[in-house]
Amino acid sequence: MDASLHEKEKKQKTTLAILTYDDGKRIFRGNRKNFVDLIKTGEDHGVDVYVTTTDELKLSGSQIVGYTYDEVHKKWKKGLVPLPNVVYNRIPFRKFELLPEVQQTIQSCLKHGKIHFFNPAFYNKWTLFEWLSKSKDTKAIVPVTQKLTNSDELEKMLQKHKSLYLKPVRGKAGKGIMKVSYRNGKNQTGEYQLSIQEKTRSHISRHSSVQQLWSQIREMSSGKDYIMQQAIQLAHYKQRPFDLRALIQKNAKGEWSVAGVGARLAGKRSITTHVPRGGSIDNPLKLLSATFGLGGSRKIIKQTKQTAIILAKQIEKASGQTIGEMSMDLGVDTSGNIWFFEANAKPMKFDEPHIRKRSLQNLIRYSLFLSGNKKAKRSPETAAARKKTVNLRSRKPNALTQKILAAIKI
Ligand SMILES: Nc1ncnc2c1ncn2[C@@H]1O[C@H](COP(=O)(O)OP(=O)(O)O)[C@@H](O)[C@H]1O
Ligand SMILES: [Mg+2]
(Lines give C-alpha, C1' and ligand atoms only; values in the text may rest on other atoms or scores of the structure.)
(Ligands and ions follow the chains in the order given, each with its own letter.)
Protein backbone atom coordinates (compact mmCIF):
# COMPACT_ATOMS: atom_id res chain seq x y z
CA MET A 1 0.00 0.00 0.00
CA ASP A 2 1.09 3.52 -0.75
CA ALA A 3 2.71 4.91 2.44
CA SER A 4 0.74 8.16 2.54
CA LEU A 5 -2.54 6.31 2.08
CA HIS A 6 -1.54 3.97 4.87
CA GLU A 7 -0.79 6.93 7.10
CA LYS A 8 -4.16 8.44 6.27
CA GLU A 9 -6.01 5.25 7.15
CA LYS A 10 -4.13 4.96 10.40
CA LYS A 11 -5.08 8.49 11.28
CA GLN A 12 -8.73 7.88 10.55
CA LYS A 13 -9.13 4.95 12.91
CA THR A 14 -11.14 5.93 15.97
CA THR A 15 -9.07 5.84 19.13
CA LEU A 16 -10.92 6.09 22.40
CA ALA A 17 -9.12 6.85 25.64
CA ILE A 18 -10.81 6.01 28.92
CA LEU A 19 -9.46 8.69 31.21
CA THR A 20 -8.87 7.94 34.86
CA TYR A 21 -6.54 8.87 37.69
CA ASP A 22 -3.44 7.26 39.14
CA ASP A 23 -3.21 7.92 42.86
CA GLY A 24 -0.15 5.73 43.29
CA LYS A 25 -2.07 2.98 45.09
CA ARG A 26 -2.66 0.73 42.06
CA ILE A 27 -1.89 1.10 38.35
CA PHE A 28 -4.94 3.31 37.92
CA ARG A 29 -8.28 3.87 39.65
CA GLY A 30 -11.77 3.02 38.40
CA ASN A 31 -13.76 -0.10 37.63
CA ARG A 32 -11.23 -2.16 35.67
CA LYS A 33 -13.77 -4.83 34.71
CA ASN A 34 -15.78 -2.09 33.05
CA PHE A 35 -12.74 -0.86 31.17
CA VAL A 36 -11.91 -4.38 29.92
CA ASP A 37 -15.47 -4.82 28.65
CA LEU A 38 -15.30 -1.52 26.80
CA ILE A 39 -11.96 -2.43 25.23
CA LYS A 40 -13.49 -5.72 24.00
CA THR A 41 -16.59 -4.01 22.63
CA GLY A 42 -14.27 -1.58 20.86
CA GLU A 43 -12.46 -4.50 19.19
CA ASP A 44 -15.78 -5.79 17.83
CA HIS A 45 -16.44 -2.40 16.23
CA GLY A 46 -12.94 -1.61 14.98
CA VAL A 47 -12.27 1.03 17.62
CA ASP A 48 -8.98 1.07 19.53
CA VAL A 49 -9.75 1.57 23.19
CA TYR A 50 -7.20 1.99 25.95
CA VAL A 51 -7.02 3.41 29.44
CA THR A 52 -4.89 6.42 30.26
CA THR A 53 -4.42 8.60 33.30
CA THR A 54 -4.51 12.36 33.74
CA ASP A 55 -0.73 12.25 34.29
CA GLU A 56 -0.07 10.44 31.03
CA LEU A 57 -2.45 12.34 28.76
CA LYS A 58 0.04 14.83 27.33
CA LEU A 59 -1.27 16.44 24.18
CA SER A 60 1.97 17.82 22.77
CA GLY A 61 3.19 14.67 20.97
CA SER A 62 1.54 12.13 18.71
CA GLN A 63 1.77 9.30 21.24
CA ILE A 64 1.04 8.91 24.94
CA VAL A 65 1.38 6.20 27.55
CA GLY A 66 -1.72 4.01 27.76
CA TYR A 67 -2.86 0.65 29.06
CA THR A 68 -4.28 -2.08 26.90
CA TYR A 69 -5.53 -5.41 28.14
CA ASP A 70 -3.82 -8.71 27.40
CA GLU A 71 -6.70 -11.16 27.36
CA VAL A 72 -4.46 -14.27 27.23
CA HIS A 73 -2.43 -13.45 30.34
CA LYS A 74 -5.23 -11.46 31.97
CA LYS A 75 -2.87 -8.56 32.50
CA TRP A 76 -2.72 -4.84 31.77
CA LYS A 77 0.01 -3.83 29.35
CA LYS A 78 1.60 -0.42 29.59
CA GLY A 79 2.91 1.05 26.35
CA LEU A 80 2.89 3.85 23.82
CA VAL A 81 -0.43 4.42 22.07
CA PRO A 82 -1.55 7.05 19.55
CA LEU A 83 -3.08 10.27 20.82
CA PRO A 84 -6.85 9.64 21.14
CA ASN A 85 -9.47 11.40 19.07
CA VAL A 86 -12.13 10.73 21.71
CA VAL A 87 -11.73 10.89 25.49
CA TYR A 88 -14.28 9.39 27.89
CA ASN A 89 -13.88 10.81 31.39
CA ARG A 90 -14.09 8.13 34.08
CA ILE A 91 -12.14 9.82 36.87
CA PRO A 92 -13.92 8.07 39.73
CA PHE A 93 -13.95 10.65 42.54
CA ARG A 94 -14.62 14.37 42.80
CA LYS A 95 -11.54 14.88 44.97
CA PHE A 96 -9.35 13.63 42.08
CA GLU A 97 -11.21 15.53 39.40
CA LEU A 98 -10.89 18.80 41.30
CA LEU A 99 -7.09 18.65 41.63
CA PRO A 100 -5.50 21.58 39.75
CA GLU A 101 -3.26 19.34 37.63
CA VAL A 102 -6.26 17.16 36.68
CA GLN A 103 -8.31 20.23 35.82
CA GLN A 104 -5.47 21.41 33.64
CA THR A 105 -5.52 18.16 31.65
CA ILE A 106 -9.31 18.32 31.27
CA GLN A 107 -9.18 21.94 30.15
CA SER A 108 -6.46 21.27 27.57
CA CYS A 109 -8.53 18.42 26.12
CA LEU A 110 -11.59 20.66 25.95
CA LYS A 111 -9.59 23.37 24.18
CA HIS A 112 -7.82 20.96 21.83
CA GLY A 113 -8.96 21.40 18.24
CA LYS A 114 -9.32 17.71 17.42
CA ILE A 115 -9.98 15.79 20.62
CA HIS A 116 -13.60 15.15 21.51
CA PHE A 117 -13.91 15.00 25.28
CA PHE A 118 -17.17 13.93 26.87
CA ASN A 119 -18.56 14.01 30.41
CA PRO A 120 -16.12 16.64 31.69
CA ALA A 121 -17.41 16.89 35.27
CA PHE A 122 -19.41 15.46 38.14
CA TYR A 123 -22.78 17.06 38.81
CA ASN A 124 -23.87 18.89 41.91
CA LYS A 125 -27.45 18.36 43.14
CA TRP A 126 -28.12 22.08 43.55
CA THR A 127 -26.77 22.97 40.11
CA LEU A 128 -28.87 20.20 38.57
CA PHE A 129 -31.91 21.71 40.22
CA GLU A 130 -31.05 25.14 38.82
CA TRP A 131 -30.48 23.76 35.33
CA LEU A 132 -33.77 21.88 35.30
CA SER A 133 -35.76 24.75 36.81
CA LYS A 134 -34.79 26.95 33.89
CA SER A 135 -36.89 25.10 31.38
CA LYS A 136 -40.66 24.83 31.40
CA ASP A 137 -40.25 21.31 30.03
CA THR A 138 -38.42 20.06 33.10
CA LYS A 139 -39.12 22.28 36.10
CA ALA A 140 -42.30 20.42 37.08
CA ILE A 141 -40.47 17.09 37.30
CA VAL A 142 -38.07 18.19 40.03
CA PRO A 143 -39.37 18.15 43.62
CA VAL A 144 -39.38 21.57 45.34
CA THR A 145 -35.77 22.17 46.39
CA GLN A 146 -33.90 24.82 48.35
CA LYS A 147 -30.45 25.20 49.78
CA LEU A 148 -30.36 24.16 53.43
CA THR A 149 -29.26 27.35 55.16
CA ASN A 150 -30.91 27.88 58.56
CA SER A 151 -33.55 26.59 60.94
CA ASP A 152 -36.13 29.26 59.94
CA GLU A 153 -36.01 28.21 56.29
CA LEU A 154 -36.18 24.57 57.29
CA GLU A 155 -39.23 25.23 59.46
CA LYS A 156 -40.95 27.16 56.65
CA MET A 157 -40.28 24.38 54.18
CA LEU A 158 -41.62 21.81 56.69
CA GLN A 159 -44.85 23.76 56.98
CA LYS A 160 -45.36 23.40 53.23
CA HIS A 161 -44.31 19.76 52.83
CA LYS A 162 -44.97 16.88 55.18
CA SER A 163 -41.49 15.43 54.80
CA LEU A 164 -38.19 16.55 53.36
CA TYR A 165 -35.05 14.85 52.16
CA LEU A 166 -31.79 16.53 53.15
CA LYS A 167 -28.99 15.66 50.76
CA PRO A 168 -25.35 16.72 50.42
CA VAL A 169 -25.02 18.50 47.05
CA ARG A 170 -21.90 16.51 46.24
CA GLY A 171 -23.04 13.23 47.76
CA LYS A 172 -23.46 9.81 46.27
CA ALA A 173 -24.62 6.32 47.18
CA GLY A 174 -26.86 7.55 49.97
CA LYS A 175 -24.02 9.01 52.01
CA GLY A 176 -25.14 11.78 54.38
CA ILE A 177 -28.82 11.56 53.40
CA MET A 178 -31.42 12.44 56.03
CA LYS A 179 -35.18 12.63 56.03
CA VAL A 180 -37.16 14.91 58.30
CA SER A 181 -40.90 14.94 59.01
CA TYR A 182 -43.18 16.90 61.30
CA ARG A 183 -45.85 14.76 62.88
CA ASN A 184 -48.11 14.45 65.84
CA GLY A 185 -46.28 12.98 68.83
CA LYS A 186 -47.61 10.94 71.75
CA ASN A 187 -49.23 13.81 73.70
CA GLN A 188 -50.77 15.41 70.65
CA THR A 189 -47.89 17.87 70.57
CA GLY A 190 -45.98 18.14 67.34
CA GLU A 191 -42.57 16.57 67.05
CA TYR A 192 -39.88 16.38 64.44
CA GLN A 193 -38.67 13.02 63.33
CA LEU A 194 -35.21 12.80 61.83
CA SER A 195 -34.05 9.68 59.99
CA ILE A 196 -30.37 9.44 59.22
CA GLN A 197 -29.20 6.94 56.64
CA GLU A 198 -26.53 4.73 58.12
CA LYS A 199 -24.79 1.77 56.54
CA THR A 200 -27.80 -0.44 55.78
CA ARG A 201 -30.54 1.05 57.97
CA SER A 202 -31.72 4.44 59.06
CA HIS A 203 -31.39 5.76 62.58
CA ILE A 204 -34.43 7.67 63.87
CA SER A 205 -34.44 10.45 66.47
CA ARG A 206 -37.27 12.65 67.72
CA HIS A 207 -37.07 16.34 68.58
CA SER A 208 -39.60 18.59 70.25
CA SER A 209 -38.28 21.87 68.86
CA VAL A 210 -36.89 22.99 65.55
CA GLN A 211 -33.77 24.29 67.36
CA GLN A 212 -33.08 20.85 68.76
CA LEU A 213 -33.66 19.30 65.35
CA TRP A 214 -31.41 21.89 63.70
CA SER A 215 -28.50 21.27 66.05
CA GLN A 216 -28.64 17.53 65.31
CA ILE A 217 -28.76 18.25 61.55
CA ARG A 218 -25.82 20.64 61.87
CA GLU A 219 -23.82 18.01 63.65
CA MET A 220 -24.63 15.33 61.06
CA SER A 221 -24.03 17.51 58.01
CA SER A 222 -20.54 18.47 59.29
CA GLY A 223 -20.17 21.69 57.34
CA LYS A 224 -21.07 20.22 53.93
CA ASP A 225 -23.40 22.01 51.51
CA TYR A 226 -26.88 20.49 51.58
CA ILE A 227 -30.20 20.85 49.79
CA MET A 228 -33.60 20.27 51.34
CA GLN A 229 -36.11 18.68 49.02
CA GLN A 230 -39.80 17.88 49.17
CA ALA A 231 -40.12 14.14 49.89
CA ILE A 232 -42.05 12.27 47.23
CA GLN A 233 -44.33 9.48 48.36
CA LEU A 234 -42.85 6.71 46.31
CA ALA A 235 -44.87 3.80 44.97
CA HIS A 236 -44.38 0.66 47.08
CA TYR A 237 -43.92 -3.02 46.51
CA LYS A 238 -44.68 -5.20 49.55
CA GLN A 239 -44.42 -2.11 51.74
CA ARG A 240 -40.98 -1.24 50.42
CA PRO A 241 -40.63 1.94 48.35
CA PHE A 242 -38.74 1.68 45.08
CA ASP A 243 -37.37 3.97 42.43
CA LEU A 244 -36.10 3.74 38.88
CA ARG A 245 -32.57 4.02 37.50
CA ALA A 246 -32.33 4.97 33.86
CA LEU A 247 -29.20 4.91 31.75
CA ILE A 248 -29.33 7.55 29.04
CA GLN A 249 -26.67 7.60 26.35
CA LYS A 250 -25.94 9.13 23.00
CA ASN A 251 -26.20 6.68 20.11
CA ALA A 252 -24.47 6.24 16.75
CA LYS A 253 -26.19 9.39 15.47
CA GLY A 254 -25.16 11.42 18.51
CA GLU A 255 -28.77 11.51 19.71
CA TRP A 256 -29.99 10.72 23.23
CA SER A 257 -31.42 7.26 23.76
CA VAL A 258 -32.37 5.19 26.78
CA ALA A 259 -30.12 2.15 27.19
CA GLY A 260 -32.37 0.76 29.88
CA VAL A 261 -34.45 1.30 32.97
CA GLY A 262 -33.88 -0.72 36.12
CA ALA A 263 -35.52 -0.60 39.53
CA ARG A 264 -34.12 -0.49 43.05
CA LEU A 265 -36.23 -1.55 45.98
CA ALA A 266 -35.43 0.08 49.34
CA GLY A 267 -34.11 -2.01 52.20
CA LYS A 268 -36.70 -2.61 54.94
CA ARG A 269 -35.21 -0.01 57.25
CA SER A 270 -33.64 2.35 54.76
CA ILE A 271 -34.67 5.77 53.49
CA THR A 272 -32.83 5.18 50.19
CA THR A 273 -32.84 2.37 47.64
CA HIS A 274 -29.08 1.82 47.14
CA VAL A 275 -28.05 -1.83 46.97
CA PRO A 276 -25.09 -1.41 49.39
CA ARG A 277 -27.57 0.06 51.87
CA GLY A 278 -29.87 -2.94 51.92
CA GLY A 279 -31.72 -2.21 48.68
CA SER A 280 -32.18 -4.76 45.90
CA ILE A 281 -32.32 -4.83 42.12
CA ASP A 282 -35.65 -5.73 40.60
CA ASN A 283 -37.74 -5.59 37.48
CA PRO A 284 -39.51 -2.23 37.06
CA LEU A 285 -42.52 -3.74 35.31
CA LYS A 286 -43.06 -6.23 38.14
CA LEU A 287 -42.78 -3.60 40.86
CA LEU A 288 -44.96 -1.04 39.10
CA SER A 289 -47.61 -3.61 38.18
CA ALA A 290 -48.45 -4.25 41.84
CA THR A 291 -49.87 -0.69 41.99
CA PHE A 292 -50.64 0.33 38.43
CA GLY A 293 -51.45 -2.97 36.66
CA LEU A 294 -49.57 -4.21 33.62
CA GLY A 295 -51.04 -1.71 31.14
CA GLY A 296 -50.53 1.23 33.49
CA SER A 297 -46.98 0.14 34.21
CA ARG A 298 -46.08 -0.14 30.54
CA LYS A 299 -47.29 3.42 30.05
CA ILE A 300 -45.26 4.63 33.04
CA ILE A 301 -42.10 2.98 31.71
CA LYS A 302 -42.64 4.47 28.26
CA GLN A 303 -43.22 7.84 29.86
CA THR A 304 -40.14 7.43 32.07
CA LYS A 305 -37.98 6.92 29.00
CA GLN A 306 -39.37 9.99 27.27
CA THR A 307 -39.01 12.06 30.43
CA ALA A 308 -35.41 10.91 30.90
CA ILE A 309 -34.52 12.09 27.42
CA ILE A 310 -36.14 15.49 27.96
CA LEU A 311 -34.19 15.81 31.23
CA ALA A 312 -30.89 14.74 29.66
CA LYS A 313 -31.31 17.29 26.85
CA GLN A 314 -31.93 20.09 29.33
CA ILE A 315 -29.00 19.08 31.54
CA GLU A 316 -26.71 19.02 28.52
CA LYS A 317 -28.00 22.33 27.19
CA ALA A 318 -27.81 24.18 30.51
CA SER A 319 -24.39 22.76 31.38
CA GLY A 320 -22.82 23.74 28.07
CA GLN A 321 -20.87 20.49 28.18
CA THR A 322 -20.52 17.62 25.72
CA ILE A 323 -22.21 14.77 27.53
CA GLY A 324 -22.29 11.21 26.18
CA GLU A 325 -24.05 9.43 29.00
CA MET A 326 -25.64 9.88 32.37
CA SER A 327 -27.65 7.77 34.74
CA MET A 328 -30.71 9.14 36.46
CA ASP A 329 -32.58 8.34 39.63
CA LEU A 330 -36.27 8.83 39.05
CA GLY A 331 -39.16 8.27 41.42
CA VAL A 332 -42.71 7.22 40.63
CA ASP A 333 -45.18 8.50 43.20
CA THR A 334 -48.28 6.66 44.38
CA SER A 335 -50.36 8.39 41.66
CA GLY A 336 -47.96 7.38 38.88
CA ASN A 337 -46.24 10.76 38.39
CA ILE A 338 -42.54 10.73 37.55
CA TRP A 339 -40.01 12.75 39.57
CA PHE A 340 -36.34 13.53 39.06
CA PHE A 341 -34.00 12.96 42.03
CA GLU A 342 -30.56 13.21 40.51
CA ALA A 343 -28.31 12.50 37.55
CA ASN A 344 -24.84 10.96 37.68
CA ALA A 345 -22.07 11.87 35.27
CA LYS A 346 -20.12 8.70 36.11
CA PRO A 347 -22.82 6.03 35.97
CA MET A 348 -22.16 2.87 37.89
CA LYS A 349 -22.20 -0.43 36.06
CA PHE A 350 -25.75 -1.64 35.43
CA ASP A 351 -25.98 -5.29 36.43
CA GLU A 352 -28.95 -6.06 34.19
CA PRO A 353 -27.19 -7.90 31.29
CA HIS A 354 -29.29 -6.41 28.46
CA ILE A 355 -28.68 -2.87 29.70
CA ARG A 356 -25.00 -3.59 30.22
CA LYS A 357 -24.42 -4.87 26.68
CA ARG A 358 -26.29 -2.02 25.05
CA SER A 359 -24.49 0.53 27.18
CA LEU A 360 -21.06 -0.63 26.01
CA GLN A 361 -22.14 -0.60 22.38
CA ASN A 362 -23.61 2.88 22.69
CA LEU A 363 -20.34 4.24 24.07
CA ILE A 364 -18.39 2.83 21.15
CA ARG A 365 -20.92 3.95 18.56
CA TYR A 366 -21.06 7.43 20.03
CA SER A 367 -17.24 7.58 19.93
CA LEU A 368 -17.37 6.62 16.25
CA PHE A 369 -19.91 9.36 15.71
CA LEU A 370 -17.77 11.95 17.50
CA SER A 371 -14.57 11.04 15.72
CA GLY A 372 -16.32 11.36 12.36
CA ASN A 373 -17.35 14.91 13.18
CA LYS A 374 -15.59 18.22 13.32
CA LYS A 375 -15.34 19.49 16.84
CA ALA A 376 -18.07 22.01 17.68
CA LYS A 377 -17.27 25.23 19.48
CA ARG A 378 -18.48 25.33 23.09
CA SER A 379 -21.39 27.60 23.84
CA PRO A 380 -20.33 30.75 25.72
CA GLU A 381 -23.88 31.33 26.96
CA THR A 382 -23.82 28.73 29.71
CA ALA A 383 -21.32 30.15 32.19
CA ALA A 384 -23.37 33.32 32.51
CA ALA A 385 -26.61 31.37 32.59
CA ARG A 386 -25.27 29.14 35.35
CA LYS A 387 -24.71 32.15 37.60
CA LYS A 388 -28.28 33.34 37.32
CA THR A 389 -30.33 32.58 40.42
CA VAL A 390 -33.48 30.65 39.89
CA ASN A 391 -36.73 31.58 41.48
CA LEU A 392 -38.89 28.84 42.78
CA ARG A 393 -41.95 29.17 40.66
CA SER A 394 -45.40 27.80 41.21
CA ARG A 395 -45.60 24.33 39.83
CA LYS A 396 -48.09 21.97 38.31
CA PRO A 397 -46.80 18.47 38.96
CA ASN A 398 -48.78 16.91 36.17
CA ALA A 399 -48.12 19.34 33.34
CA LEU A 400 -45.32 17.39 31.74
CA THR A 401 -47.01 14.07 32.30
CA GLN A 402 -50.01 15.36 30.35
CA LYS A 403 -47.82 16.74 27.60
CA ILE A 404 -46.04 13.45 27.12
CA LEU A 405 -49.23 11.44 27.22
CA ALA A 406 -50.67 13.70 24.54
CA ALA A 407 -47.52 13.36 22.45
CA ILE A 408 -47.44 9.57 22.59
CA LYS A 409 -51.25 9.36 22.38
CA ILE A 410 -52.00 7.05 25.29
N1 LIG B 1 -37.16 14.00 47.27
C2 LIG B 1 -37.15 12.68 47.47
N3 LIG B 1 -38.32 12.02 47.74
C4 LIG B 1 -38.33 10.66 47.94
N5 LIG B 1 -37.22 9.90 47.91
C6 LIG B 1 -36.03 10.50 47.66
C7 LIG B 1 -35.94 11.91 47.44
N8 LIG B 1 -34.65 12.23 47.21
C9 LIG B 1 -33.96 11.06 47.30
N10 LIG B 1 -34.79 10.03 47.58
C11 LIG B 1 -34.39 8.61 47.74
O12 LIG B 1 -33.03 8.56 48.13
C13 LIG B 1 -32.23 7.97 47.10
C14 LIG B 1 -30.91 8.70 47.02
O15 LIG B 1 -31.10 10.01 46.63
P16 LIG B 1 -30.18 10.66 45.52
O17 LIG B 1 -30.67 12.04 45.30
O18 LIG B 1 -30.11 9.76 44.36
O19 LIG B 1 -28.76 10.74 46.28
P20 LIG B 1 -27.41 9.90 46.14
O21 LIG B 1 -26.48 10.80 45.40
O22 LIG B 1 -26.91 9.65 47.53
O23 LIG B 1 -27.71 8.64 45.37
C24 LIG B 1 -33.07 8.04 45.84
O25 LIG B 1 -32.71 7.05 44.92
C26 LIG B 1 -34.47 7.87 46.41
O27 LIG B 1 -34.73 6.50 46.69
MG1 LIG C 1 -28.63 8.43 43.59
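Analyst: Two strands are taken to pair if DSSP finds at least two bridges between them, and helices (H or I, at least four residues) and strands (E, at least two) are DSSP runs numbered from the N terminus. The model is a predicted one, in which local features need pLDDT of at least 70 and side-chain atom pairs count only at pLDDT 80 or more, while totals for chains, interfaces and linings use all residues. Residues are numbered from 1 along each chain as its sequence is written, and chains are lettered from A and ligands numbered from 1 in the order in which they are written.

The sheet is open and has six strands in the order β7-β12-β8-β9-β10-β11, with antiparallel pairing. Its edges are β7 (145–147) and β11 (202–207), each of which pairs on one side only. Direction ignored, neighbouring strands are turned by 25° against each other on average, where axes are lines fitted to C-alpha atoms, for helices over the stretch in contact, and angles run from 0 to 180 degrees between N-to-C directions.

Helix α5 lies across β7, β8 (163–168) and β12, running at about 50° to β12. The axes of α5 (residues 125–133) and helix α8 (residues 284–319) come within 9 Å and cross at roughly 100°, so the two helices are roughly perpendicular, a label for angles of 65 to 115 degrees. Leu 128, Trp 131 and Leu 132 of α5 make this contact with Leu 311, Gln 314, Ile 315, Ala 318 and Ser 319 of α8, contact meaning that C-beta atoms, placed from the backbone, lie within 7 Å.

The shell around ligand 1 holds 21 residues, of which Tyr 165, Ile 232, Thr 272, Asp 329 and Glu 342 come nearest; a residue is near if its C-beta atom, placed from the backbone, lies within 6 Å. From the sheet, β8 and β12 each supply at least two residues of this shell, as do β17 (325–332) and β18 (338–344). Domain 2 (125–143 + 233–345 + 377–408) and domain 3 (145–230) both contribute to the shell, so ligand 1 lies between them, the domain bounds coming from an automatic or database domain assignment.

Note on methods: Angles under 35 degrees count as roughly parallel, over 145 as roughly antiparallel, 65 to 115 as roughly perpendicular and the rest as oblique. Two residues are in contact if their C-beta atoms, placed from the backbone, lie within 7 Å.
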